[in-house]
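Thanks for making the time, everyone.

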Amino acid sequence: MSNFIITKGIRLLSLSNRVKWQAPTLAAVRHYAAQPKRFYKQTNVLCTDSGYEVTLDHRKLKTPNGTLFTVKSEPLAIAVATEFDSQKDHIVRSRMHISALCFTAIDNPNHLTKLDMVNYLLNFLATDTVLFQYDDEKALQELQCNEWDPLIDWFNRRFETNLQKTMSITPPHVTDEDKIKIAKHFQSFSLETLHGYTFAVDTLKSIVLACAVIEQQINVDKAVALSRLEEEYQLKFWGRVEWSHDLSQQELQARLAAAVLFVHFNCSEHFVKEKLLL
């Protein structure tokens, strides 16, 4: 009996030596905030003494800070109402770019002034995408010259500036005189409109492209394509991942289209008043 116990113990020890102990794995589970359900059936736009409001059934739309949503442009209010009306079972705020721009302009969470916005745009000139070109790859350099240079020339004619591209990592030099001319242009817009310009510049990483698309020198698709010129050039050699690159391109197009509409809709009230005065 004792021999049997000893033999059994030896077998158990040999098995335990061959089996390595592994720490239990903990699966990482991410929890995302649930998207709010659509609680309204109809949207509408109301004209009041203070401007235009949007209603969701009998409720008046408010900003994230609880401020009553009011804009001076009827087309802008209609665009926001359309975004809310296009939501299905849930409200996907990440796809409502015009509404987000309006909320940001109304709440102004960072308490920005016109001077802050203008300075931000001017500081972007030193890192403008189209002003950085490369001479170490001939095909890419030719592509940049053919696509970007005409827009740089247009910008210089439009604002009477003399922006010059750089062929290295050294930022282009922008004179104080050129900055003053560009600053005067942006200062002529309202604070709300400047939010749209900033959104366009952040999307394209370029003041030149943003001004060109807003002033209808190029369309939205072309502006996004030019902002991604180097990336698209590299994709020809390394391949394109449709679910990633196409999604990124479409998202940029949606953001830029919203910024362009936001700027034009904010300016529409001024144009209407100017026409009535004539």
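When I say that two residues touch or are in contact, I mean that they have heavy atoms within 4.5 Å of each other. This is a predicted model, in which local features need pLDDT of at least 70 and side-chain atom pairs count only at pLDDT 80 or more, whereas totals for chains, interfaces and linings use all residues. Residues are numbered from 1 along each chain as its sequence is written, and side-chain values use heavy atoms, with hydrogens and water left out.

Let me start with His 97, which lies in helix α3, residues 97-107, where helices are DSSP runs of H or I with at least four residues, numbered from the N terminus. Leaving out residues up to four places away in sequence, His 97 touches Glu 83, Phe 199, Glu 251, Ala 254, Arg 255 and Ala 258. His 97 counts as buried because its relative accessibility is 10%, the cut-off for buried being under 20% relative accessible area with a 1.4 Å probe and protein chains only.

Next come two other helices. Tyr 197, Ala 200, Val 201 and Leu 204 in α7 meet Ile 207, Leu 209, Ala 210, Cys 211, Val 213 and Ile 214 in α8. The residues of this contact divide into 10 nonpolar, no polar and no charged, with Ala, Val, Leu, Ile, Met, Phe, Trp, Tyr, Cys and Pro counted as nonpolar, Asp, Glu, Lys and Arg as charged, and the others, Gly among them, as polar.

Finally, Val 213 also has contacts beyond its neighbours within four places in sequence, namely Leu 204, Ile 218, Asn 219, Val 220, Ala 223, Leu 256 and Val 260.

Definitions and conventions
Buried means under 20% relative accessible area, exposed over 50%, partly exposed in between (1.4 Å probe, protein chains only).
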